[in-house]
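Dear colleague,

I am passing on the structure we spoke about, with the sequence alongside. Please open it first, and then read the notes below.

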Amino acid sequence: MPAAEHRGRGHGTHALDALVDLAFGELPLHRLTAETHTGNAAALAVLTGSGFVREGVSRAACLHRGRRHDLALLSLLRPEWEALDRPRAWDA
């Protein structure tokens, strides 16, 4: 788990944005998908902040420490990435 002083500073968003830019800017991908526990507010905030759209919930899809958890399903399409108003990783 990251140290508290590193949380909320945008490191996760910047890292995800760089990976998304690689996927759509350098590779011929059309769609990216992501899954996380529905209760993982930090991950959901990073994903939606990077342009991912929530598609739905996969119920009881994850077994973690003996408990079943729902997974949030998110995706980002190339046209959605192209429409994002943010600098690209190669512009930094």
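Which residue in β3 is the bridge partner of Leu-32? The partner is Leu-76, where β3 spans residues 67-77 and β1 spans 31-37, helices (H or I, at least four residues) and strands (E, at least two) being DSSP runs numbered from the N terminus.

This is a predicted model, in which local features need pLDDT of at least 70 and side-chain atom pairs count only at pLDDT 80 or more, while totals for chains, interfaces and linings use all residues. Residues are numbered from 1 along each chain as its sequence is written, and side-chain values use heavy atoms, with hydrogens and water left out.

β1 and β3 pair in the antiparallel sense over seven bridges, and two strands count as paired if DSSP finds at least two bridges between them. The three strands form an open sheet in the order β1-β3-β2, whose edge strands are β1 and β2 (53-64), each pairing on one side only.

Leu-32 also touches Val-20, Ala-23, Phe-24 and Phe-52, among others, not counting residues up to four places away in sequence; contact here means heavy atoms within 4.5 Å. Leu-32, Val-20, Phe-24 and Phe-52 are among the residues that touch the most other members of the largest nonpolar core, which has 13 residues. Such a core is a set of buried Ala, Val, Leu, Ile, Met, Phe, Trp, Tyr and Cys residues joined through side-chain atoms within 4.5 Å, buried meaning under 20% relative accessible area (1.4 Å probe, protein chains only). α1 (11-25) is one of the elements that give two or more residues to this core, and α1 gives the most, with four.

Best regards

Terms used:
Buried < 20%, exposed > 50% of the residue type's maximum accessible area, 1.4 Å probe, protein only.
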